[in-house]
Amino acid sequence: MGERISVVDYLVLEDGDPYVVANACSGCGATYFERRNACARCFGASFERRRMASTGTVRSYTIVYRAAPEVHVPFVSAIVELDGGGVLKANIRDVEPVPEAIRLGMPVVLTTFVAGTDDDGTEAVAFGYSPARTAREAGPEGVASGARAPVAQEQGNDG
Ligand SMILES: [Zn+2]
C-alpha cells in the first residue's frame, strides 16, 4: 500500500472526507486557492486557511477538445462557485462532455480520483466535481416540479 498525496496543496485528504482549503484574506475575507502574497482586493498580506464547502454550482464551463497528448479529451473544464463562497476552476467529471449534459447553475459535489501512481505505489490524488443530481434525486425532498410523470411504465407480467 502506498501513500496518497494531493496534486494541489489546497486539496486536503488526510482528514476524513476530502475537502479544499482556501487562503482567506484577514482584511476583507476574499478567498484564494493559489498562494498569494497580497490580497488583490484590499492589498492585505495576512491570510488564514479556511475549509471550503464541497458543494457548489457551475458558473461557466468549456468543453475541451484539445490538450496535451496524455490528457484524455474531450473533458469539461468549469468555473465552480462553492456554496458559502469561493470560486475555483476544476473539471466536471461523471458527465458526458456534451453541452446537453451540463447547464449553468448545475449543482455539483467534490469528487477525488487517482490521477497517477508512481513506482513506489504513491497515488497522486486530484479532484473535480460531479453533478449532484443523483444525490438530490435520491433524497426525500428531491422530487422536483411535477413535469415528470411518475414511473408507471413497468410492462408488468406479460409472460
Ligand atoms: Zn483582502
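**Strand pairing around strand 3**

In this predicted model, Ala24 has Thr31 in strand 4 as its bridge partner.

User: How many bridges join strand 3 to strand 4, and in which sense do they run?
Analyst: Happy to take that one! Strand 4 covers residues 31-32, and Thr31 is the bridge partner of Ala24. The two strands run antiparallel, and the number of bridges joining them is two.

User: Which residue takes a positive phi in the hairpin of strand 3 and strand 4?
Analyst: Good place to look. Five residues lie between the strands of this hairpin. With a positive phi near 85°, the residue you want is Gly29.

User: Which residue in strand 5 is the bridge partner of Asn23?
Analyst: Let's start with the strands. Strand 5 spans residues 47-51 and runs antiparallel to strand 3, with five bridges joining the two. In strand 5, the partner of Asn23 is Arg49.

User: Which residue in strand 3 stands opposite Leu11?
Analyst: Strand 2 (residues 11-12) and strand 3 (residues 19-25) pair in the antiparallel sense over two bridges. They form a hairpin with six residues between them, and Gly16 in the turn has a positive phi of about 75°. Opposite Leu11 stands Val20.

User: Where does the helix of the protein chain come in the order of elements, at the start or at the end?
Analyst: The chain has one helix and 10 strands.

User: What percentage of the 159 residues is buried?
Analyst: A residue is buried here if 20 or more other C-beta atoms lie within 10 Å of its own. In the protein chain, the buried share of the 159 residues is 17%.

Terms used
Residues numbered from 1 in each chain as written. Predicted model: local features only at pLDDT ≥ 70, side-chain atom pairs only at ≥ 80, totals over all residues. Helix = DSSP H or I, 4+ residues; strand = E, 2+ residues; numbered from the N terminus. Buried ≥ 20, exposed ≤ 12 C-beta atoms within 10 Å, placed from the backbone. Pairing = 2+ DSSP bridges.
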